[in-house]
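Okay, everyone, thanks for coming. Let me put the sequence and the model up, and then we'll walk through some strands and some charged pairs.

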Amino acid sequence: MIITGEVIHGAQLGRKMGFPTANIDAHNINIDNGVYFSRVEFDGKHFKAMSNVGYRPSVDGRTRLLETHIFGFEGDLYGKTISVDLVCKIRDEQRFNSIEALRNQLAADAARCQAEE
């Protein structure tokens, strides 16, 4: 499923954990919550990525977002339109008891996504 939308500001918690994300409002996206291997396209460039669709129960629990960590990208995408292709789901969204446990799972998810073709 390809989702195209404008990158909006979030709480920048991903950045603090070493996984900055480009966020798109997901309240109207009809797909299961979870973590996905994804591919991102903007400005004619393509990147591998890791995306989460859902409510982020470990840190917020109220606002449904599509959060995408783009491997190998550094820069500002706020206000830009990006396309995120959710290629395959790698796990369900879950609540973690600590930020450290969440950070460890994100590292494992990132390694799995980077190994995908």
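Before I go on, some housekeeping. This is a predicted model, where local features need pLDDT of at least 70 and side-chain atom pairs count only at pLDDT 80 or more, while totals for chains, interfaces and linings use all residues. Residues are numbered from 1 along each chain as its sequence is written, and side-chain values use heavy atoms, with hydrogens and water left out.

Back to Arg103. Arg103 makes a salt bridge with Glu100, and the closest N and O atoms sit 2.5 Å apart. By salt bridge I mean a side-chain nitrogen of Lys or Arg within 4 Å of a carboxyl oxygen of Asp or Glu. Both residues lie in helix α2, three residues apart, which is about one turn of the helix. Helices here are DSSP runs of H or I with at least four residues, strands are runs of E with at least two, and both are numbered from the N terminus. Glu100 is partly exposed too, at 42% relative accessibility.

How many salt bridges does the structure hold? Four. One of them joins Arg91 to Asp109, with 2.8 Å between the closest N and O atoms. Arg91 is in strand β6 and Asp109 is in helix α2 (residues 99-115), so this pair ties together parts 18 residues apart in sequence. And here both partners, Arg91 and Asp109, are buried. Another salt bridge links Asp92 and Lys89, at 2.7 Å between the closest N and O atoms. Lys89 counts as partly exposed, at 31%.

Now, Lys89 takes us to the strands. Lys89, in β6, stands opposite Tyr36. The strands to look at here are β3 (residues 34-42) and β6 (residues 81-91), which pair antiparallel over seven bridges. Two strands count as paired if DSSP finds at least two bridges between them.

β3 also runs antiparallel to β4 (residues 45-54), joined by nine bridges. In β4, Tyr36 has Ser51 as its bridge partner. The β3 and β4 hairpin has two residues between the strands, and Asp43 takes a positive phi near 50° there. And how much of β3 is covered? Seven of its nine residues are buried.

Methods
Buried means under 20% relative accessible area, exposed over 50%, partly exposed in between (1.4 Å probe, protein chains only).
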